[in-house]
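Please read the points below alongside the sequence and the coordinates.

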Amino acid sequence: MNQDNYLEEAMKVRNLLEEFRGNHGIRYPTILGVREHVFTGSVSSLASFMSKQETSFVTLGQRVLAYLKVRMHYGHPDVFDRIFHITRGGISKASRVINISEDIYAGFNSTLRQGNITHHEYIQVGKGRDVGLNQIALFEGKVAGGNGEQVLSRDVYRLGQLFDFFRMLTFFYTTVGYYVCTMMTVLTVYIFLYGRVYLALSGLDHSISRQARFLGNTALDAALNAQFLVQIGVFTAVPMIMGFILELGLMKAIFSFITMQLQFCSVFFTFSLGTRTHYFGRTILHGGAKYRATGRGFVVRHIKFADNYRLYSRSHFVKALEVALLLIVYIAYGYTKGGSSSFILLTISSWIMVISWLFAPYIFNPSGFEWQKTVEDFDDWTNWLFYKGGVGVKGENSWESWWEEEQAHIQTFRGRILETILSLRFLLFQYGIVYKLKITAHNTSLAMYGFSWIVLLVMVLLFKLFTATPRKSTALPIFIRFLQGLLAIGIIAAIACLIGFTDFTIADLFASALAFLATGWCILCLAITWKRVVKTLGLWDSVREISRMYDAGMGAVIFAPIVFFSWFPFVSTFQSRILFNQAFSRGLEISLILAGNKANQES
């Protein structure tokens, strides 16, 4: 059962088996669940969060599900009625894609074939949960992808058809519905922010707010200035808190919750929300969920920056930077009645989400802010970024190979159409910001927007000139570099002249950069989606180089704060004390002393 057992608990198995003869409604039980004891909670704060979350699910959660008759099998220590199952098609399912969460299909099979699943806590079985953030993210990614496939499966369809209305709603929320609601929560943040940015760029927020005040329409004014104060990550911890109150009592539950907050549990749960949303959404759009081997090892070691970047780049970092871009545009051009305090109240939960998604992998990384490790991580990351890909080169060794692997999920025509529609949202930034620049002098003609595309084309051509490196002769590269130097001086002089002799300002320069960044990302997404077309046009190498530049820029944005905090030795000590248990923290400090002594001996 991939679990740990105790002799004392085994003594009670006879009593447990008697439940198969007990009265549990119309039918005898076919699967009988027991509770788990997660013993890895003391390793680190992450292990503690996972063990507490798991404990609430395998105790309080399972009791409620069994009472409502919608408990399935979740890979927990369940006792199966063997004869019932092998005479009704067995337990395992055939497909390794749609049945990737293979354990829950045993519950689906049992329920569909008129079985009865119950839960009684006679015994508890030991279980080791994942203790590192990367393991946890891979596990949650696998489960979220599995739920995406369940949405498409015939078993869930049949259960939905056969259940009565209330049992169907309960079943929905306890299986795929939880992931649907998680995705809806994150989409709500996006829709809210895109709505605010549209109002800000069009000037509607100011005019509607002013009109509402003139007419005395307080409801409209209140709706426009709604405080989006929902900290989405914390709500996933509510069942856990209820479990604490039941198991430990109110005071212990309060102290436990405060301790978890001090150990950045909100950051972790907000980050997990992003993991679940990404993998569930990708599976719904493109299918093809994969088994992700976590290893379940006792991994409390430093993870390199490049490893974290590879794992979370598309699932968290890109999305967090998009939300940050929306917030910056809203702060720059938006209008609220209460001024800056209203801006802060309106956007603080979104900023917390951005910080969580960008920096959680480094906050929870052992020795994440140790200077020597940071220097080594930077060298490793730059080597990976500029290492040439090719046949047989793995994604962990080369950015080019990894980039190609990241596009493997886009395979169907339907998926390409959906990706194209979703990518077009990035064009909003350029369209809105162009008309806000002072150089346009409130000119709202389409010619201005067209001119901005000409400027973008010129920028792409300049980028091609700067990255051109001919290798055939020795005389050419020196001449090319000389031209590139002259071109760089010419560009700086042209920008200086624009600022000096026209209405173009430094603020306009930064605004244009933000707009072109978003449009460039849109073009990249479309080029990757329609890869075959781009390859036939011979533009694929250019697309790859621009993508490399984007990844280098994203990495630099994330790396800069890590470097800053690594300068202060106390940050690393503070991180070890708060996030890891005492024995591990002491071991880290001793290893640092030994490493220093070894370095002295070598010198």
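The notes that follow begin with the basis of the model and then take the helices and the strands in turn.

1. This is a predicted model, in which local features need pLDDT of at least 70 and side-chain atom pairs count only at pLDDT 80 or more, while totals for chains, interfaces and linings use all residues. Residues are numbered from 1 along each chain as its sequence is written, and side-chain values use heavy atoms, with hydrogens and water left out.

2. Helix α20 (residues 427-434) and helix α23 (residues 506-529) have axes that come within 7 Å and cross at roughly 150°, the axes being lines fitted to C-alpha atoms over the stretch in contact and the angles running from 0 to 180 degrees between N-to-C directions. The two helices are therefore roughly antiparallel (angles over 145 degrees).

3. To this contact (heavy atoms within 4.5 Å) α20 contributes Leu427, Phe429, Gln430 and Ile433, and α23 contributes Ala511, Ala515, Phe516, Ala518, Thr519 and Cys522. By class, the contact residues of α20 with α23 comprise 8 nonpolar, 2 polar and no charged, where Ala, Val, Leu, Ile, Met, Phe, Trp, Tyr, Cys and Pro count as nonpolar, Asp, Glu, Lys and Arg as charged, and the others, Gly among them, as polar.

4. Strand β1 (residues 31-38) is mostly covered, with 7 of its 8 residues buried (under 20% relative accessible area, with a 1.4 Å probe and protein chains only).

5. β1 pairs (at least two DSSP bridges) with strand β2 (residues 78-80) in the antiparallel sense over 3 bridges, and glycine 33 stands opposite aspartate 78 in β2. With strand β3 (residues 117-127), β1 runs parallel and is joined by 7 bridges; here valine 38 stands opposite lysine 127.

Definitions and conventions
Helix = DSSP H or I, 4+ residues; strand = E, 2+ residues; numbered from the N terminus. Parallel < 35°, antiparallel > 145°, perpendicular 65-115°, else oblique. Buried < 20%, exposed > 50% of the residue type's maximum accessible area, 1.4 Å probe, protein only.
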